[in-house]
Amino acid sequence: MPKGVSEAIIAVENLTARFGNNTVFEGVNLEVYKGEVLVVVGESGCGKSTLLKIMIGLQKPSEGRVMFRGVDVVSATSEQLHSYRQNIGVLFQSSALFSSMRLKENIALPLEEYTSLNSSMIDMIIKMKLGMVNLAGYENHYPSELSGGMKKRAGIARAMALDPTVLFLDELSAGLDPVTAVELDNLIIKTNEALGTTMVIVTHELESICKIAHRVVMLDKNAKGIIAEGSPTQLKEKATDPRVRSFFLRQLPESNDKDSSYGE
Amino acid sequence: MDIEQEWSKFYKILPEKKEKTLTLYLQGDFGLKNLNEFTAKLGDLVDLHKPLEVKIDFSGVTYLDSAAALAFIRMERFIKDKNVDCLLLNLTDEIKGIFSVIYQRALAQKPFKVKTKPDNFFVELGEASIALVKDFIDVIEFVGDLLFSIAYAITHPRSIRVKDIFFYMKRAGVDGLPIVGLISVLIGLIIAFMSFLQLKQIGANIYVPSLVSFAMVRELGPIMTAILVAGRSGSAFAAEIGTMVVNEEVDALKTMGFDPIRFLAVPKVLAAMIVVPILTIYSALFGVFGGMIVGVTGLDLTINTYLTQSLKAISVFDIVTSLIKAAVFAALIAGIGCQRGFKVRSGAQDVGKFTTSAVVSAIFLIVMADSIFAVTLYYIR
C-alpha cells in the first residue's frame, strides 16, 4: 500500500454476479484505498472483467453494492452515475479509441463535454497528456495509424483527460511486447506517484503485477470469490493456498499434473 | 444525494505588494472546473499592480490537478514575456509531483505531419476517376470469383453450406414478408387510385385492374422487392462481412484453407436468388390486392370482375421474365453486398462507408439491369 494511505475510496459490498444459472462470483467484499494500485488477478472466466464492469457502472450485479463517496453506484440515479463517471477514467482492453477521430479529438471529447475551457487551453492540455504518455506530436494521427502499445498509451491519455480520482485499466499489457509492457508499467508507476491517482488494474502479466501493484486480489472460478489478498511479495513468497502458489510460481496445480496421464 | 467531489471550486488569491514585488498567496482548490476563473483573476492582479517581480505562493493550496498546474506554467511564461520576473514558491512534494508530469518539450512539440490528400480539384477528379476504374475492375474480379465458386458449389453439392443458405433465406425472405407486403399493398392502392382519376374521364374504369396487375407483375413488383431487399439484406451482408474482416475472421478462414467467397458469399447469393423471386410473386399478389381495395370500394367492381380483368393483362411470359429479373436482381444485391463487405479494411467507419456503398451500388445496378431487360424483352417479344 502507498505511504500514508488508509481511506477506502471504493467499497464493494457483498457483490454477486449471476448469468442465468451460472454464478460468476458471490458475496465479494473489496475495498479500494485512495492512492493505491490494486491489481485483480485470476484465471479466465473467474469474473475479473465482470467485477470491473460492475465497478464502473456498465453492468448491474445480481446482488450487492459498490459504494463511492457515500453513493451506491449500482442503484445510482442517472445524474449520480454521470457525476461518478466524471470521477473515473477507464482504459478498455482494446483501448476503444474512436476510430473516426484524431488523437487530439479523442482526448478533447471529455474536456469539451465537462469543462468550459477555451480551445487554446484544451490544446495545451492535450499536448500535456500526450507528453505524459510519451506520444508528443501525435495529436493529428488517427488510431488506425498507431501500434498496439501506442493505442494503449493514447487510451490512458484519454482516460486521464479529466484527472480522474480512480483509473480502471482492463488487461493493461495484454498482447504487447515486453519492452512496450515495461514502458506501460513505468507510465502507471509515474502517474500514480506524481498525481496520486488510485488505480484498479486487471492483468495476467506476473512481472507487471510484481512491479506495479501495491495490493493484489485473486479471484477463483471454483471458489466463486476472492481467495487471496495481499502485496505481490506476500502472495508470491508466503501464500500456502496451492491455487495462489500455482499462479505466482507459474506451475500447474497438482491435481492437473495428476490428470495428465498420457504415456504412463 | 449527489456524489461529493474530491475538491470544491473554493479558492482565494491574496495579493500583497511590497515595493515592486507582488506576492500572490494561493489558498484552496485549483483544478479544471475553476481554471478559467483563477487564471483570469491572476492575469487581472498582475495587470493591476504592474510589478517588476511576481511570486506565486502555493503553501495554502489544498488541491491541484495537472490542468491547473499547466495553467500556472502558462501564467509564469505569460508574466515572463512581459519582462517581469516570476517565481513559484513553497511547492510541496505532492505539488512538485504534479508539475513533474508536464514536459516542456511535449508542450513545444509541433504535431507530426500527417499525409493529407491534396485539395486540388483536378487531382481529386483524377483520383476519383482512378478509384472508379479500380472499383469496376474489383467488381469484375469478384464476379469472376463468385461465378467460379457457384459453379464449384453446383458441381460439388456437398461443399454447399445448406444450413447457412436456410439461415439467410429466413433473414432475407421470411423476415422481409411484412414490409414487402405492406409496401406492395400501398403501391397497388396508389396506382389504382391515380389511374382511376385519369381513366374515369374517358369512362375506362374497367382497365384499372389490368393496369395495376400489368405494372405490378412486369415492373414494380420486381423493382420494389429488389430495392427493399437491397436496403434490408444487401446492407446486412456488407456489414456482416465487413465486421468479420475487421475482426480478422476472414483472415482466419483463409489461413484454415477456406475460400472466403465460397464460405461467406455463395450461401448469401444462393439464398437471395431463391427467396427474391418468391418475394416478387408475393409482392405482385399484394399489389393486386391493394388495387382491388380501390376497385371494389371505389369503382363498384366485384372481386370476380377485378380478378378476371387483372389476369387478362398478364401472360405466362410476363411472369417468367419477372421471375428471371428477380433472380438477377437478387444476385446483384447479394453479390455487391458481399463484395463491398470484403473491401472493408479497418474500423467502424470503413464498415459504415462500405455498407452505404453496398446499398447505393445495388440500387444503381438494379435500375441499370432493369433498363437492359426492358430493351431486350421488347425485342424478344
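Predicted model: local features only at pLDDT ≥ 70, side-chain atom pairs only at ≥ 80, totals over all residues.
1. A word on terms before we start: two strands pair if DSSP finds at least two bridges between them. Helices (H or I, at least four residues) and strands (E, at least two) are DSSP runs, numbered from the N terminus.

2. Residues are numbered from 1 along each chain as its sequence is written, while chains are lettered from A and ligands numbered from 1 in the order in which they are written.

3. Let us stay with the sheet of chain B. Its four strands form an open sheet, ordered β1-β2-β3-β4, with mixed pairing. The edges are taken by β1 (11-18) and β4 (85-89) of chain B; each has a single partner strand, so one side of each is left without a neighbour in the sheet. From one strand to the next, the twist averages 15° (axes are lines fitted to C-alpha atoms, for helices over the stretch in contact, and angles run from 0 to 180 degrees between N-to-C directions).

4. Now the antiparallel part of that sheet. β1(B) and strand β2 (residues 21-30) of chain B run antiparallel and are joined by eight bridges. Lys17(B), for instance, stands opposite Leu22(B) in β2(B). The two strands form a hairpin with two residues between them, and Glu19(B) in the turn has a positive phi of about 50°.

5. The parallel part comes next. Nine bridges link β2(B) with β3(B), and these strands run parallel; Phe30(B) has Leu64(B) as its bridge partner in β3(B). Between these two strands the chain passes through α1(B), and this β-α-β crossover is right-handed (that is, with the strands pointing away from the viewer, the path from the first strand over the helix to the second runs clockwise). β3(B) and β4(B) also run parallel, joined by five bridges, with Leu88(B) in β4(B) as the bridge partner of Ile56(B). Together, β3(B), α2(B) and β4(B) make a right-handed β-α-β unit.

6. Where does chain B divide into domains? The domain assignment gives domain 1 (11-108) and domain 2 (152-380); such bounds come from an automatic or database domain assignment. The C-alpha centres of domain 1 of chain B and domain 2 of chain B lie 69 Å apart.

7. Further along chain B, have a look at a pair of helices. The axes of helix α10 (residues 260-298) of chain B and helix α12 (residues 316-343) of chain B come within 8 Å and cross at roughly 145°. Among the contact residues are Leu264(B), Val269(B) and Met273(B) of α10(B), and Leu323(B), Phe329(B) and Ile333(B) of α12(B) (two residues are in contact if their C-beta atoms, placed from the backbone, lie within 7 Å). The residues of this contact divide into 16 nonpolar, three polar and one charged. Here Ala, Val, Leu, Ile, Met, Phe, Trp, Tyr, Cys and Pro count as nonpolar, Asp, Glu, Lys and Arg as charged, and the others, Gly among them, as polar.

8. Chain A has an open sheet too: four strands in the order β2-β1-β4-β5, with antiparallel pairing. At its edges stand β2 (22-33) and β5 (71-72) of chain A, each with a single partner strand, so one side of each is left without a neighbour in the sheet. Strand β1 (residues 8-19) and strand β4 (residues 63-68) of chain A pair in the antiparallel sense over five bridges, and Glu13(A) has Arg65(A) as its bridge partner in β4(A). Helix α1 (residues 48-55) of chain A lies across β1, β2 and β4 of chain A, running at about 120° to β1(A).

9. Finally, the two chains meet: 33 residues of chain A are in contact with 32 residues of chain B. Which element gives the largest share of the side of chain A that touches chain B? That is α4(A), with seven residues. The residues on this side of chain A divide into 14 nonpolar, 14 polar and five charged.
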